[in-house]
Amino acid sequence: MFQVLDFYKTANGKKVVMAITGLIGFGFVLIHMLGNLQVFVGQEKLDDYAKLLKSSMPILWGARLTLIGAVVLHVVASWQLAGQSEDARPVPYQKKLQKRKSTFASHSMRWTGPLLLMFIIYHLLHFTIGWKTLNLPFIEGAVYSNVVNGFKLWPVAAFYILCMLALSQHLYHGIWSLFQTLGVNHPRYNGLIRAVAALGTAVVVIGNISIPVAILAGYIK
Ligand code: HEM
């Protein structure tokens with residue numbers, strides 16, 4: 001136990017925690033997106049699927065607590081890592097050199113992370129809790145009509161699409177970093193790693209964006 005805590009204190013330990021919790025998050029968004037695509041099949045299919053997910057409270061809460069734990073650990077480790085690298089800040093000349101190597105996606109992790117956290121809170125209030133203050137259409141258990149009536153409002157659909165674009169930056173850099181943490185970092189494989197990161201990101205993000213777009217376009221009613 002103490003060995004695990006000692007390892008966590010190192011920058012590598014925190015990166016491993018970020019990699020594992022990030023992978024849990026990626027698995028969730030992928031499965032969640034595939035489930036949500038049933039909106040294209042029809043009302044009954046999506047509502048039945050949602051009912052099935054809630055049919056066993058121990059499984060539902062087990063998954064929810066795992067997810068909450070993963071998000072909390074991911075955020076805490078990222079704050080601590082940022083704090084550590086700030087403490088070990090290099091001299092200005094070296095900083096300039098480092099900056100040139102960073103991509104837009106890696107640089108944007110500082111704002112896509114907090115934006116996605118805000119998105120998750122809004123999303124839960126919108127579709128899971130049905131918070132009245134948001135003044136959005138919500139009927140407990142009527143998942144299909146909640147999704148369709150929510151995305152018919154273009155500011156809501158636009159906000160989701162914007163957040164999915166932020167998710168694309170976060171996922172792309174996150175998957176890339178995961179391989180670096182695992183030690184898979186060789187010029188021969190870097191092109192392949194970028195392709196895997198781009199494919200994983202595209203599947204999740206295009207799948208998610210297709211839902212508000214199809215509703216706004218009147219394809220799903
Ligand atoms: C356009 C894309 C998305 C749509 C249409 C969508 C739709 C929904 C709906 C309808 C629910 C409520 C399900 C129910 O009550 O049975 C839900 C729950 C949830 N969504 Fe999404 N979602 C999207 C994207 C995302 C993303 C990107 C994330 C994470 C970053 C996310 C995280 C969650 C979480 C954590 C829950 C709560 C699950 C639970 O009840 O424990 N969703 N989503």
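Predicted model: local features only at pLDDT ≥ 70, side-chain atom pairs only at ≥ 80, totals over all residues.
The secondary structure of the protein consists of ten helices, with zero strands. Along the sequence, the elements accordingly follow the pattern α-α-α-α-α-α-α-α-α-α. Taken along the principal axes, the box filled by the C-alpha atoms has dimensions of roughly 55 × 40 × 35 Å. The protein comprises 221 residues, of which 31% are classed as buried. When contacts between residues at least 6 apart in sequence are considered, 71% of them join residues at least 24 apart.

The surface and the charged side chains were examined next. The accessible surface of the protein amounts to about 14,300 Å², and carbon and sulfur atoms account for 70% of this area. The side chains include 19 that are positive and 7 that are negative. A distance of 14 Å separates the centres of these two sets.

The ligand is surrounded by 19 residues, and the closest of these are H32, N36, K54, R64 and H123. Three of these side chains are described here through their polar atoms. In the case of H32, a polar side-chain atom is placed 2.8 Å from a nitrogen atom of the ligand. For H123, the corresponding separation between a polar side-chain atom and a ligand nitrogen atom is 2.7 Å.

Several helices contribute to the shell around the ligand. At least two shell residues are supplied by each of α2 (11-36), α7 (109-129), α8 (143-151) and α9 (154-181). The greatest contribution comes from α7, which provides six residues. H32 and N36, both listed among the closest residues, fall within the range of α2 (11-36), and H123, also among the closest, falls within that of α7 (109-129).

Q38 is located in the loop that links α2 and α3 (43-53). This residue counts as buried because its relative accessibility is 16%, below the 20% cut-off applied to buried residues. Leaving aside residues up to four places away in sequence, Q38 is in contact with K45, L46 and Y49.

Conventions: Residues numbered from 1 in each chain as written. Heavy atoms only, no water. Helix = DSSP H or I, 4+ residues; strand = E, 2+ residues; numbered from the N terminus. Buried < 20%, exposed > 50% of the residue type's maximum accessible area, 1.4 Å probe, protein only. Contact = heavy atoms within 4.5 Å. Areas by Shrake-Rupley, 256 points an atom, 1.4 Å probe, with all protein chains shown as cover. Lys, Arg positive; Asp, Glu negative; His and termini not counted. Charge placed at Lys NZ, Arg CZ, Asp CG, Glu CD. Near = heavy atom within 4 Å. Polar contact = N/O pair within 3.5 Å; in protein donor to acceptor, adjacent residues only side chain to side chain.
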